[in-house]
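Here is a short briefing for a first look at this model. Keep the structure in view while reading.

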Amino acid sequence: MSRYSKIFLGTNTKMYKTIAETKEFLAELCALTQDISRDEMTLFVIPSFTALQESRKTVNGDEILLGAQNMGWEDVGPFTGEISALMLKEIGIQIAEIGHSERRHILSESDEMENKKVLCALKHGLTPLLCIGETKEQRANGISAEILRMQLKVGLKDVSINDSDKLWIAYEPVWAIGASGIPATANYVAKMHGVIRQTLVELFGADSAHQIPILYGGSVNAQNASELICVPDVDGLFIGRSAWQAKNFNAIIRDVLSAKHHKVI
Ligand code: PGA
């Protein structure tokens, strides 16, 4: 079990929102969640690159943390199309999402590439949000746990124990993500988050491993969010489609906080 009392809730808007739409979404989300203490939750949004600078002007970093959907692993150089950690820091971005399943499976990113990005993000004081998850075929072959262990062991290679408290992990089974995804059951999530926690213990020792938030993502919605947040070792939810309207995201946030509150009591 993790030692977090605070919940992590966030969304990645993928390639869906323009600058104007992102600003409107953020302003509305900020207004709707203004009364919720940030001691109870860490709220974050990961917009498209083009919207990041305006997003930073729209919301303050204490209320809504902002992340980038990807990041190059070098500081400068001939890397056409890449955005560096320095560029993200320059505009006040706090999180670097690394290894989302769409980047791994559509854009062929490897665990070795994710590892270089994690190390680079840490070097520059960005929070790496490392996303991991098995495919449908891997699950059918009974190797989900092995895949998660490999993605963590390679993705977090050479991360020092001193930096481990800056890591966030998102477990997002590939088969659960998107319009054709099937949400994982609470039992399955409990099993996989247990595997992830155990692997983190092997990597960093029990004390440090329990400081690392593990978020679940993949077809989280208004119907399943409250159940999922109460699963052992689930420290937060990483939501796609169901969070892209501020009003819907706000409703999920409130449900989840109240479910967690009742569980703790
Ligand atoms: P989804 O997306 O909630 O729309 O399934 C999750 C994700 O890709 O992080």
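The lining of the largest cavity has 3 nonpolar, 5 polar and 2 charged residues. This is a predicted model. Its strands form a closed barrel of 8, in the order E1-E2-E3-E4-E5-E6-E7-E8, with parallel pairing. On average, neighbouring strands of this sheet are turned by 25° against each other, direction ignored.

**The cavity**

- A search of the whole structure finds 1 cavity of 30 Å³ or more.
- The largest cavity has a volume of about 40 Å³.
- Its lining residues are Gly99, Ser101, Arg104, His105, Cys131, Ile132, Gly133, Gln151, Glu172 and Val174.
- Which element gives the largest share of this lining? Helix H4 does, with 3 residues.
- Helix H4 spans residues 101-105, and both H4 and strand E5 supply at least two residues of the lining.

**The largest pocket**

- The largest pocket has a volume of about 390 Å³.
- It is lined by 14 residues.
- Lys14, Met15, Gln69, Glu102 and Arg103 lie nearest the centre of the pocket.
- By class, the pocket lining has 5 nonpolar, 5 polar and 4 charged residues.

**Around strand E4**

- Strands of a sheet pair through backbone hydrogen bonds, either parallel or antiparallel.
- Strands E3 and E4 pair in the parallel sense, over 2 bridges.
- Ala68 has Ala96 in E4 as its bridge partner.
- On to the next strand: 4 bridges join E4 (residues 95-98) to E5 (residues 127-132), and the two run parallel.
- Ala96 stands opposite Pro128 in E5.
- Are the residues of E4 buried or exposed? Ile95 and Glu97 on one side are buried, and so are Ala96 and Ile98 on the other.

**Around strand E7**

- Strand E6 (residues 168-171) is joined to E7 by 3 bridges, and the two run parallel.
- Ala170 stands opposite Leu215 in E7.
- E7 is also joined to strand E8 (residues 236-239) by 3 bridges, again running parallel.
- Gly217 stands opposite Phe238 in E8.
- Ile214 and Tyr216 point one way from E7 (residues 214-217), while Leu215 and Gly217 point the other way. These four residues are buried.

- Most residues other than glycine have a negative phi.
- Ser108 is not a glycine, yet has a positive phi of about 55°.
- Where is Ser108 found? Ser108 is in the loop between H4 and helix H5 (111-123).
- Ser108 counts as exposed because its relative accessibility is 57%, and exposed means over 50%.
- Asp158 is not a glycine either, and has a positive phi of about 70°.
- The loop between helix H7 (144-155) and E6 holds Asp158.
- Asp158 has a relative accessibility of 60%, so Asp158 counts as exposed too.

Definitions and conventions
Residues are numbered from 1 along each chain as its sequence is written. This is a predicted model: local features need pLDDT of at least 70, side-chain atom pairs count only at pLDDT 80 or more; totals for chains, interfaces and linings use all residues. Side-chain values use heavy atoms; hydrogens and water are left out. Two strands pair if DSSP finds at least two bridges between them. Axes are lines fitted to C-alpha atoms, for helices over the stretch in contact, and angles run from 0 to 180 degrees between N-to-C directions. Buried means under 20% relative accessible area, exposed over 50%, partly exposed in between (1.4 Å probe, protein chains only). On a 1 Å grid over the protein atoms alone, a cavity is a set of points where a 1.4 Å probe fits but cannot get out, and a pocket is an open set with protein on both sides within 12 Å along at least five of seven lines; lining residues have an atom within 4 Å of a point. Grid points are joined across faces, edges and corners, and a volume is the space filled by probe spheres set on the points. Ala, Val, Leu, Ile, Met, Phe, Trp, Tyr, Cys and Pro count as nonpolar, Asp, Glu, Lys and Arg as charged, and the others, Gly among them, as polar.
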